[in-house]
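Student: I have a new model open and want a quick tour. Can you walk me through the fold?
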Amino acid sequence: MKTAYTLLITQEFVVFNLAHGPHIYLWKELHVGNMSDGDEQQSLSQSIKGRLQEGVQNSVFKDKGLLDPDTVIDEDRIVGRDQQLDDIITYLRPALQGNRPPNMLLYGPSGTGKSLIINAVCQQVQELANAQGDRFGVIRVNCQTIKSHDRAVYRLVESAAIGVGVDPGVPESGVSTDQKLNRFYEILSENFDSVIIILDEVDLLVGRQRDPNDEPAYSKLLYQLSRASQLGRIEGDVSVAALTNDPRFMENLDGRAESSFNPQDIVFPDYDANQLQAILGRRRDAYRDDVLEDGIIPLSSAYAAQDHGDARKAIDLFRKAGEIADRQGEDRVREEHVRGAQKEAERDRTLTQMQGLSTQKKLSLYATAIVPVYSQRNLNAVPSTVAYRVYQYITDILDTDEKSRDSYLRYMSEAETYNFVTSDKRGRGYGSGVHKEYTFVDDPEVVAETLQSDIRLEEIENDEDLIRSVVNAQIDDFFDGK
């Protein structure tokens with residue numbers, strides 16, 4: 001039997017030298033003396049439980065679920081959407097009077113409350129309808145990852161079946177779309193007097209269009225759903241609420257679908273900074289009392305307001321700041337945690353945008369990003385001349401191909417289409433020509449750090465001081481040289 005010998009005992013913990021290295025256990029969880037393998041495993045289990053419980057007890061959060069953007073919240077937490085709320089209540093009220101609500105089209109940028117409002121109202125309608133003995137149902141499907149009309153129909157079947165606790169009755173593949181659609185209508189007829197189908201991000205359901213003139217999948221689906229009651233396919237009333245970011249969504253519908261769907265339009269504009277502050281203020285009870293510094297909500301709101309007034313991003317920042325505080329073992333959420341959360345969000349966005357970029361494009365972008373990061377001067381924009389010379393130096397360090405200046409400029413033009421940078425042309429005075437200057441949309445340090453995590457660019461870390469000196473030499477030569 002293997003044993004574990006005590007190396008150190010204090011009033012708070014015990015350190016044991018185990019076969020696979022030293023391990024620390026809380027004193028209160030252990031008995032002094034030699035431990036068998038079974039005792040070691042039990043003590044390790046107790047230690048894990050203790051650490052998990054301690055993490056819960058010491059967390060800055062009280063009700064973290066309130067900071068899930070998809071949580072259906074109470075109406076007193078809804079901010080800045082009074083008109084939209086009134087409209088949706090008006091349109092859904094007929095469901096409580098035994099009549100069919102109209103179809104609806106909710107459109108506006110991401111994070112402006114479309115899903116929040118429609119889900120909150122539908123939940124209240126469902127509760128009121130059930131209380132008076134009416135069978136009102138809500139079927140929700142997010143179309144973001146659905147690739148075809150057939151898959152969308154199956155997701156409707158699946159969602160309806162789960163909602164009423166029955167078997168879908170059809171497989172995901174191996175049967176026709178019509179069979180799936182018939183099963184969907186069957187579930188609705190057997191379980192509901194009235195139902196609303198919410199299709200979130202419906203504009204992303206384009207399907208496999210072999211020809212630009214092909215009808216998008218969402219057009220066919222909207223036609224089928226909005227005609228189901230009229231054609232006697234469903235015993236009951238069916239309404240559709242389509243949610244989209246595209247204000248020109250209706251222009252892409254087939255003429256029959258447009259006529260049949262014929263929705264009531266509800267517009268959702270961007271939130272402003274004050275509304276974002278109010279939204280976060282009404283969710284601050286997600287945190288324990290007195291853990292938020294005063295500037296947390298204004299700073300989170302300001303960052304989100306810069307990003308088109310997206311409430312979802314404001315809530316994400318507000319939550320991530322607390323998660324960073326928890327990871328660091330802090331008992332207060334401070335402004336530096338919000339800045340860290342913003343940096344993480346930028347890094348995630350940058351990583352997503354960089355997928356598929358070639359090594360040369362990454363090198364060009366990295367060389368441009370480190371110019372303002374390493375510069376001893378305060379640079380508002382990066383001269384392309386300086387960035388290209390830095391690019392040449394980096395390709396030499398990495399012993400990789402060096403592309404021409406024209407290729408570099410072409411790569412940076414592509415970076416502009418990805419919204420990494422914006423560019424402008426500047427003259428340097430009479431007879432000195434014109435050059436391009438690049439300004440980063442996100443923090444260039446975040447861009448540089450993200451790119452440096454690339455397996456090839458990690459080799460650059462050992463030459464950081466040298467690269468810094470090269471950057472500043474090129475900057476000095478550009479601005480002071482003749």
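Tutor: Start with the overall count. The secondary structure of the protein comes to 16 helices and 11 strands. Helices here are DSSP runs of H or I with at least four residues, strands are runs of E with at least two, and both are numbered from the N terminus. This is a predicted model, in which local features need pLDDT of at least 70, side-chain atom pairs count only at pLDDT 80 or more, and totals for chains, interfaces and linings use all residues. Residues are numbered from 1 along each chain as its sequence is written, and side-chain values use heavy atoms, with hydrogens and water left out.

Student: What share of the protein's residues counts as buried?
Tutor: Of its 482 residues, 44%. Buried means under 20% relative accessible area, exposed means over 50%, and partly exposed is in between, with a 1.4 Å probe and protein chains only.

Student: And the contacts with a separation of 6 or more: what percentage comes from residues 24 or more positions apart?
Tutor: That comes to 67% in this protein. A contact means heavy atoms within 4.5 Å.

Student: On to the sheet. What's the strand order in the open sheet of five strands?
Tutor: The order is β5-β6-β7-β4-β8, with parallel pairing. Two strands pair if DSSP finds at least two bridges between them. β5 (136-142) and β8 (264-267) are the edge strands; each has a single partner, so one side of each has no neighbour in the sheet. The twist averages 15° from one strand to the next. Angles run from 0 to 180 degrees between N-to-C directions, and axes are lines fitted to C-alpha atoms, for helices over the stretch in contact.

Student: How many bridges join β5 and β6?
Tutor: Seven, in the parallel sense, with β6 covering residues 194-200. F136 stands opposite S194 in β6.

Student: Which helix packs on the sheet there, touching β5 and β6?
Tutor: Helix α4, residues 149-164. Its direction makes about 135° with that of β5.

Student: Next, the largest nonpolar core. Which residues touch the most other members?
Tutor: L156, F184, L188 and L199, out of 40 residues in that core. A nonpolar core is a set of buried Ala, Val, Leu, Ile, Met, Phe, Trp, Tyr and Cys residues joined through side-chain atoms within 4.5 Å. Elements that each supply at least two residues include β4 (104-107), α5 (177-191) and β7 (237-244). α4 gives the most, with seven residues.

Student: What is L199 in contact with, leaving aside neighbours within four places in sequence?
Tutor: Its contacts include V141, C143, L156, L221 and V240. Apart from this core lies another, of 35 residues, among them V382, A448, V471 and F478.

Student: Change of topic: α2. Which of its residues are buried?
Tutor: In α2 (residues 82-92), Q84, L85, I88, Y91 and L92 are buried. They cover an arc of only 135° around the axis, so they sit on the same side of α2. The arc is that of the directions from the helix axis to the C-beta atoms. D82 and Q83, on the other side, are exposed.

Student: What do the buried residues of α2 pack against?
Tutor: They pack against β4, α3 (114-131), β6 and β8.

Student: How many aromatic pairs turn up in the whole structure?
Tutor: A search finds 10. Rings of Phe, Tyr and Trp (its six-membered ring) pair if their centres lie within 6.5 Å; planes under 30 degrees apart count as stacked, over 60 as edge-to-face and the rest as tilted. Y388 and Y391 form a stacked pair, 5.6 Å centre to centre with 25° between the planes. They are three residues apart in helix α13, about one helical turn.

Student: Is the Y391 and Y408 pair stacked or tilted?
Tutor: Tilted, because the planes are at 35°, with ring centres 6.2 Å apart. Y391 lies in α13 and Y408 in α14, so the pair ties together parts that are 17 residues apart in sequence. Both Y391 and Y408 are buried. Y388, Y391, Y408 and Y438 form one aromatic cluster.

Student: Last one. Where is D399 found?
Tutor: In the loop between α13 (384-398) and α14 (405-417). D399 has a positive phi of about 55° although it is not a glycine. D399 counts as exposed because its relative accessibility is 71%.
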